[in-house]
Amino acid sequence: MKVTESGNLKHRQLRKGDYLQRVSAEQKEYAEVCAPPKMTETDNTNTNEQTEGLLEQILSTENLNQAYRQVKRNKGAGGIDGMQVDELLPFLKEHKEELLQSLRDGQYRPKPVRRVEVPKENGKTRKLGIPTVLDRLIQQAITQALSPIFEKQFSDNSFGFRPNRSAHGALRRCQTYITAGYRYVADMDLEKYFDTVNQSKLIQILSETIKDGRVISLIHKFLKAGVMTNGMFEESPEGVPQGGPLSPLLGNIMLNECDHELIKRGHHFVRYADDMMIFCKSKKAAKRTIDHILPYIEGKLFLKVNREKTKVAHVNYVKFLGYSFYIYRGEGRLRIHPKSIQKLKDKIREVTGRSNGMGIEERRTKLNQVVRGWTNYFKPADAKKLLKELDEWMRSRIRMVTWKRWKKIRTRFKNLKKAGISKEQAWMWANTRKGYWRTAHSPILTRALSNERFKQVGYLSFSEYYSAK
């Protein structure tokens, strides 16, 4: 790949400005004891040890190439420096050796993450921190090296952001507990978990396993890199910014402490990232479990528990990963939660809106993507009747937007006749004053835009896609 002169200039400016800043004394850090306010160096984290250790694995050619391919595959927006994924390779070709040396010497300093707020279902927002492309590459390389080490320590009841594990596995484990008679749930809600992780405690936990202090120092720099919000720099004294490849792993490492505490106490639980449910055989036992585990989570891990949302409930009344549960003949079964259905309908309304500027082909492609993705995720649920109703509703939405697109009387008349409607009926309905939604349910439009026709032109059906799986 060739690099243009302007590209060289841009990357040279990035290099001089920020990426390879010299920071004296940082090579000698780290890590820390369980005193949250301060970081202190211990014998276990002497950076002079393991010079051919973990950092060398992270910076190996094979690991960095794999990290590059993953960053390239994930694409994503650029960070505060404006560098895009496609510009990463030219930068690395020119500055690879300098970059590697700065990482070995402990002189690399990550850039602040770019703050992005994503709307949540409850009307609030989730704060994401988008690292620069170069920082994403390094985080990915760290994650690839650390993941196999910590996988050996992780609980079998943890399913989020782990290789060969998924939400479906978490749900199957829930079903197993429900079928075994654990019908009450202590539903734990950690308040803004990723934003409130105690960094000192996290570094202490990492240091118990990672003896290469250079790696601990590098991870701590990422935690302390700060945030850019509307052009203003903010420090990041706590939290693990969501948005980078390293964040999910660090989140799991922190909560793994809670997992092992629950195992030690003999609890049956399922955790997916920061979403955790503890299964009990009675309401009283579930309440007692919450009372006993809260002091550990808040006092030992320094995490914040949302006491208003943390509750005890029968499994019939909880929502987990978009699903709800029910019991049939003593067996734990899965349903799709009403909020998940409402979210789907909102998405379909967005795609089938007349003012979104989509053409026919683009709309069909988008709807098919929604059908595939949603059905694949909810295929373990008992949903045949529901999916049939969703198909009818979605087809009505398509008929409505098609009727709107046919705006003029002569266009409607011509298209209705082409669809096999008699001349008299076509003229009558072309001149109708009924509303769009009512017309979409009329026998004439149902005949003109039949289910079979939808299938012929390539629209997918929830029911058929669900049955095929």
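Reply: Two strands are taken as paired when DSSP finds at least two bridges between them. In this predicted model, strand β3 (residues 184-189) and strand β7 (residues 275-280) run antiparallel and are joined by six bridges. One of the residues involved is D189, whose bridge partner in β7 is D275. In general, the strands of a sheet pair through backbone hydrogen bonds, in either a parallel or an antiparallel manner.

The pairing of β3 with β7 belongs to an open sheet of four strands, ordered β6-β7-β3-β8, in which the pairing is antiparallel.

Helix α6 (residues 167-179) lies across β6 and β7, and runs at about 165 degrees to β6. Helix α11 (residues 283-299) packs on the sheet as well, where it touches β3, β7 and β8; the direction of α11 makes about 25 degrees with that of β3.

Packing between helices may be described in the same terms. Helix α8 (residues 199-209) and helix α9 (residues 213-223) have axes that come within 11 Å and cross at roughly 160 degrees. This angle makes α8 roughly antiparallel to α9, because angles over 145 degrees are classed in that way. The crossing of α8 past α9 is right-handed. From α8, the contact draws on Q199, L202, I203, L206 and S207, and from α9 on I216, I219, H220 and L223. By class, these residues comprise six nonpolar, three polar and no charged.

A further pair consists of helix α4 (residues 88-104) and helix α5 (residues 133-151), which pack at an angle of about 60 degrees with axes 12 Å apart. The result of this angle is that α4 is oblique to α5. The crossing of α4 and α5 is right-handed. In this contact, α4 contributes L88, F91, L92, L99 and L103, while α5 contributes V133, L134, L137 and I138. The contact of α4 with α5 has nine nonpolar residues, with no polar and no charged ones.

Technical notes
Residues are numbered from 1 along each chain as its sequence is written. This is a predicted model: local features need pLDDT of at least 70, side-chain atom pairs count only at pLDDT 80 or more; totals for chains, interfaces and linings use all residues. Side-chain values use heavy atoms; hydrogens and water are left out. Axes are lines fitted to C-alpha atoms, for helices over the stretch in contact, and angles run from 0 to 180 degrees between N-to-C directions. Helices (H or I, at least four residues) and strands (E, at least two) are DSSP runs, numbered from the N terminus. Angles under 35 degrees count as roughly parallel, over 145 as roughly antiparallel, 65 to 115 as roughly perpendicular and the rest as oblique. A crossing is left-handed if the near helix is turned anticlockwise from the far one by less than a right angle, and right-handed if clockwise. Contact means heavy atoms within 4.5 Å. Ala, Val, Leu, Ile, Met, Phe, Trp, Tyr, Cys and Pro count as nonpolar, Asp, Glu, Lys and Arg as charged, and the others, Gly among them, as polar.
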